[in-house]
Amino acid sequence: MSRRVLGCLGQCSSRVFAIETDPKVDPVYFSLIKNPPTDAEMPAFQEIFGREKSYSFQVCVEDRIQRALLHDDLRHQLISGFGGDVKVFEMSSFRPNAQNSLVKGFFVNGVCGTPETDQTLSKLLQSNRLAVCTYVPGDAVGRWCQEPLRPAKDGAAAAAGRYGVVPVPSPDHHPSALDIINSSVFYNFIEAHNVMAECAHVITEAKHVLQRVDQTLPMRTTDRFPVIVIEGLDATGKTTLTESLKQSLGGVLLRSPPPCLSPWRACFDAKPALFRRAFYALGNYVTAAHISAESARAPVIVDRYWHSTAAYGIGTSVSGKVGNLPPRGSEVYRWPGDLLRPDLVLLLTVSPEERLRRIRGRGGEKTREEVELEANQLFRSK
């Protein structure tokens, strides 16, 4: 086991762990101590740790590009390698109220010891970029312990220590909110541009996106006509209204993401969230440059803008209930300081039944998040 992973494990005593077992309820939170008390049982953990074998896998990589790729690949390895009967839950560890302290991973529940699952575990243990742990009964009834694992000489898993698992209260805010700024939502051009540049060595299309973005910017700062943004979920009437406004105001209609980035949209829709969010963030800056140019001669109507980008980013990154979203006034809702501001924003709404009827009548390809919107009422609410 590498020093990096050992370091990650060594810091576990100062971190809180969260297992997302059900989006309708709070995660199960716990921390680790060297010598757990023995005077009380923890029945809440019985269902989690007591079903066959349980393992956690956390990505311990400093490079954010590699971290995003590994996390995405790990999910597929766990689902395919451990079979259809296991339960794979989102898991994270974090330092309470510490921005960017979130370490993501997965908790696998109900693993049966078979040659196939043993082979999968052995393969994952060989990685020097994962912290792998198992959960075993403690010395007292109802107590549980976490054992960090390392590969033994025979290829099997060997315990590298033992920590007591103890419940902790829910934090003030859902831990996924710690990882939004310049990860799920970008608040300046440089941060989004840096992600796209860093991933260019693994995603060829990123080079083309950067070339197009760099050709479009910078914006012109001149006196301008009003800029009106129309926002809303798919099939709420944005197209109808924007076309009507264009005609009635004699204006220019723009759409975000801009058509010039369309050739690479499907590519980034299929990539991990970090790359997808950076792509859409850069699309906002390209749209802003177009707004700046067009508003010098006429009113501009924009079909979606930063609001949609932020809403999708926050809605997908914050798991669980609507109440897990950052509270009103949180800095995650602030407008990027270097992005052109519209003069008026209209948010369109329509009943869920009517929206679904319109979507079904459209046909055509949908993005991953549009499919999620259609199927998941909780995601729509967020």
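## Accessibility and model basis

Buried means under 20% relative accessible area, exposed means over 50%, and partly exposed lies in between (1.4 Å probe, protein chains only). This is a predicted model, where local features need pLDDT of at least 70 and side-chain atom pairs count only at pLDDT 80 or more, while totals for chains, interfaces and linings use all residues. Residues are numbered from 1 along each chain as its sequence is written, and side-chain values use heavy atoms, with hydrogens and water left out.

## Nonpolar cores

A nonpolar core is a set of buried Ala, Val, Leu, Ile, Met, Phe, Trp, Tyr and Cys residues joined through side-chain atoms within 4.5 Å. The largest one holds 54 residues. Which of its residues touch the most other members? They are Met196, Val209, Phe268 and Phe275. Helix 9 (residues 273–294) gives the most to this core, contributing 12 residues. Helices (H or I, at least four residues) and strands (E, at least two) are DSSP runs, numbered from the N terminus. Another core lies apart from the largest one. That core has 18 residues, including Val61, Leu70, Leu74 and Val132.

Contact means heavy atoms within 4.5 Å. Not counting residues up to four places away in sequence, valine 209 touches Met196, Leu261, Trp264, Phe268, Phe279 and Leu282. Histidine 208 sits in helix 6 (residues 205–216). Histidine 208 is partly exposed, because its relative accessibility is 38%.

Strand 12 covers residues 300–303. Val300 and Val302 point one way, and Ile301 and Asp303 point the other way. Are these residues buried or exposed? All are buried. In a regular strand the side chains alternate between the two faces of the sheet.

Two strands pair if DSSP finds at least two bridges between them. Strand 10 (residues 227–231) runs parallel to strand 12, joined by 4 bridges. Here isoleucine 228 stands opposite isoleucine 301. Strand 11 (residues 252–255) also runs parallel to strand 12, again with 4 bridges. Arginine 255 has aspartate 303 in strand 12 as its bridge partner.

## Lysine 238

Lysine 238 belongs to helix 7 (residues 238–249). Lysine 238 is buried, yet has no salt bridge. A salt bridge is a side-chain nitrogen of Lys or Arg within 4 Å of a carboxyl oxygen of Asp or Glu. Which side chain of opposite charge is nearest to lysine 238? It is aspartate 234, 4.4 Å away. For charge, Lys and Arg count as positive and Asp and Glu as negative, while His and the chain ends are not counted. Leaving aside neighbours within four places in sequence, lysine 238 contacts Ile230, Glu231, Gly232, Leu233, Asp303, Arg304 and Leu348.

## Salt bridges

How many salt bridges does the structure hold? There are 14. Arginine 64 and glutamate 191 form one of them, at 3.9 Å from N to O. This pair links distant parts of the chain, 127 residues apart: arginine 64 is in helix 3 (residues 64–82) and glutamate 191 is in helix 5 (residues 189–198). Arginine 64 has a relative accessible area of 21%, so it is partly exposed. Glutamate 191 counts as partly exposed too, at 24%. Arg64, Glu191 and Glu198 are linked in a network of salt bridges.

Arginine 75 bridges to glutamate 90, with the closest N and O atoms 3.1 Å apart. Arginine 75 is in helix 3 and glutamate 90 is in strand 4 (residues 87–94), 15 residues apart. Arginine 75 is partly exposed at 29%, and glutamate 90 is partly exposed at 30%. Arginine 358 and glutamate 354 also meet in a salt bridge, at 2.9 Å from N to O. Both lie in helix 11 (residues 352–362), and they are separated by about one helical turn because they are 4 residues apart. Arginine 358 is partly exposed at 30%, as is glutamate 354 at 22%.

## Cysteines

A disulfide is a covalent bond between the sulfur atoms of two cysteines. Here it is assigned to a pair of cysteine sulfur atoms within 2.5 Å. By this rule the count is 0. Cysteine 60 is buried, because its relative accessibility is 6%. Cysteine 145 is buried, with a relative accessible area of 6%.
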